[in-house]
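Please examine the structure shown below. The paragraphs that follow treat a strand residue, a pocket and a set of aromatic rings in turn.

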Amino acid sequence: MSAITNHLPTAQLQALDAAHHMHPFSSGADISANGARVIISADGVTLTDSEGEKILDAMAGLWCVNIGYGRRELADVAARQMLQLPYYNTFFKTTHVPAIALAKRLADLVPGPLNHVFFAGSGSEANDTNIRLVRHYWAAKDKPEKKIIISRHNAYHGSTIGGASLGGMSGMHAQGGLPIPDISYIDEPNWYADGGDSSPDDFGLERARQLEAKIAELGEDKIAAFIAEPVQGAGGVIIPPATYWPEIQRICDAHDILLIVDEVICGFGRTGNWFGSETYGIRPDIMTIAKGLSSGYAPIGGSMVSDEIADTVANVGDFNHGYTYSGHPVASAVALENLRIIEEENIVQTVRDETGPYLAQKWKQLGDHPLVGEADIVGMMGALALSPDKSARAPFAADKGTIGLICRDFCFANNLVMRHVGDRMIISPPLVISKGDIDVLIERVVKSLDQTYEKIKADGLFK
Ligand code: PXG
């Protein structure tokens with residue numbers, strides 16, 4: 001491949017990157033030793049790197065580029081908005097048209113009584129808002145002692161102090177003195193790893209009832225909310241058994257616990273409906289949104305809030321909370337245009353009725369590969385649990401993640417972005433991926449699985 005010439009040579013870019021740029025969730029020493037892949041441009045579902053390689057992005061960036069790359073309409077809207085009003089704040093009894101228009105659009109789009117939005121710049125910030133908002137709400141109801149938030153081990157809710165505390169990632173809690181007080185955790189509904197001999201349905205109920213047990217243990221009068229992703233994303237695309245969400249909903253209703261549904265990944269079409277809450281029949285009191293809200297073209301997130309919560313806190317004075325970029329006009333305009341495209345191009349319906357089922361049928365067949373213990377998928381979120389022994393759903397003897405990383409490296413070499421979480425391989429492609437590109441995706445996955453299988457057999461790791 002010929003190198004693109006309008007920038008420095010790759011090695012020089014990598015050296016500057018390693019010298020000055022601290023990367024998220026990365027080791028500086030590793031980046032220095034090996035260099036980061038430099039992405040130069042993208043179109044549709046394809047990235048181009050600094051060596052001119054064309055890479056199929058089966059992660060939609062970081063689960064966010066739902067409408068695919070290279071949509072000029074979003075660039076045009078951003079340019080127009082920057083010229084008209086590049087910035088103004090929404091504090092101090094001030095507002096502007098893009099924030100108003102997006103708030104109204106979201107109120108119409110999001111199901112149920114979630115007719116109010118508190119804007120943030122990201123999913124993490126929105127979840128920080130949620131922590132303060134639910135505690136403020138209960139204080140406004142004269143129940144200030146209701147402040148514990150229950151979450152789940154292996155959940156991901158962001159990287160700010162609040163977001164990472166809500167998350168259940170032990171590697172994150174181990175750094176920086178987390179979690180903050182009054183966050184509690186139950187186990188995730190991961191039948192593949194933890195279900196043993198239970199049926200998925202029994203296991204789903206069992207895991208949901210941990211919430212009821214936790215409420216009994218801590219006291220209903222101490223608990224503000226339960227937070228969860230409809231499908232855990234960063235945790236490895238853990239798709240819950242069908243019994244799980246109805247039971248969670250029942251428990252939250254029965255015990256006067258607010259339900260915060262984190263739709264940062266599942267929202268805006270990812271599961272084949274506009275929201276994961278629709279796919280699983282969930283009725284949230286608060287919904288966290290980000291990522292697909294703007295398809296990643298501009299940083300924006302928010303909390304969708306029920307009438308009951310918004311009305312209650314409206315009557316107890318100021319909510320002393322907000323971000324410089326809450327409702328940023330350019331980000332809001334870009335998000336609106338993104339939502340217009342998703343709606344007018346029937347992107348959600350296409351995922352639900354055509355491309356989703358097409359991908360699912362091929363993805364499920366990967367379950368027959370000798371390296372794959374289970375292939376699971378909903379909409380455009382899929383996982384392959386790698387295993388040396390399908391029938392036992394056994395983990396590998398090697399350290400968790402060893403085989404996943406080998407597979408991920410083969411994917412990289414085969415110009416496919418497929419992530420690994422431990423020994424689960426995960427995809428979350430742009431929602432606009434065509435059937436032709438799905439075929440290419442599957443071909444590259446099979447090739448990478450074959451190469452991984454051969455290598456780990458040769459190295460004595462297939463056990
Ligand atoms: N909630 C969920 C469910 C997420 O997936 C956030 C909140 C935080 O959003 P921001 O915009 O603050 O990043 C996320 C983000 C990964 C990975 O490794 C996933 C996310 C972020 C970074 C890495 O899969 N999701």
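Strands are DSSP runs of E with at least two residues, numbered from the N terminus. In this predicted model, H420 has its place in strand β14, which covers residues 419–421. A polar atom of the H420 side chain lies 2.9 Å from the backbone oxygen of G422. Beyond its neighbours within four places in sequence, H420 is in contact with G401, G404, L405, R408 and M425.

The second largest pocket holds about 960 Å³ of space. Its lining comprises 27 residues, and T90, V117, F118, F319 and H321 lie nearest the centre. At least two lining residues come from each of α5 (97–109), β4 (116–120) and α13 (307–314); β4 gives the most, with four residues. By class, the lining has 15 nonpolar, 10 polar and two charged residues.

Aromatic pairs are the next topic. In the whole structure, nine such pairs are found. Y87 and Y325 form an edge-to-face pair, with 5.9 Å from centre to centre and 90° between the planes. This pair links distant parts of the chain, 238 residues apart: Y87 is in the loop between α4 (72–84) and α5, and Y325 is in the loop between α13 and α14 (329–344). Y87 counts as partly exposed because its relative accessibility is 30%, whereas Y325, at 51%, counts as exposed. Another edge-to-face pair is formed by Y453 and F462, with 5.2 Å between centres and 80° between planes. Y453 is buried, at a relative accessible area of 17%, while F462 is partly exposed at 25%. Ring pairs also link Y87, Y88 and Y325 into a cluster.

Notes. Residues are numbered from 1 along each chain as its sequence is written. This is a predicted model: local features need pLDDT of at least 70, side-chain atom pairs count only at pLDDT 80 or more; totals for chains, interfaces and linings use all residues. Side-chain values use heavy atoms; hydrogens and water are left out. A polar contact is a pair of N or O atoms within 3.5 Å; within protein, one must be able to donate a hydrogen and the other to accept it, and residues adjacent in sequence count only if both atoms are side-chain atoms. Contact means heavy atoms within 4.5 Å. On a 1 Å grid over the protein atoms alone, a cavity is a set of points where a 1.4 Å probe fits but cannot get out, and a pocket is an open set with protein on both sides within 12 Å along at least five of seven lines; lining residues have an atom within 4 Å of a point. Grid points are joined across faces, edges and corners, and a volume is the space filled by probe spheres set on the points. Ala, Val, Leu, Ile, Met, Phe, Trp, Tyr, Cys and Pro count as nonpolar, Asp, Glu, Lys and Arg as charged, and the others, Gly among them, as polar. Rings of Phe, Tyr and Trp (its six-membered ring) pair if their centres lie within 6.5 Å; planes under 30 degrees apart count as stacked, over 60 as edge-to-face and the rest as tilted. Buried means under 20% relative accessible area, exposed over 50%, partly exposed in between (1.4 Å probe, protein chains only).
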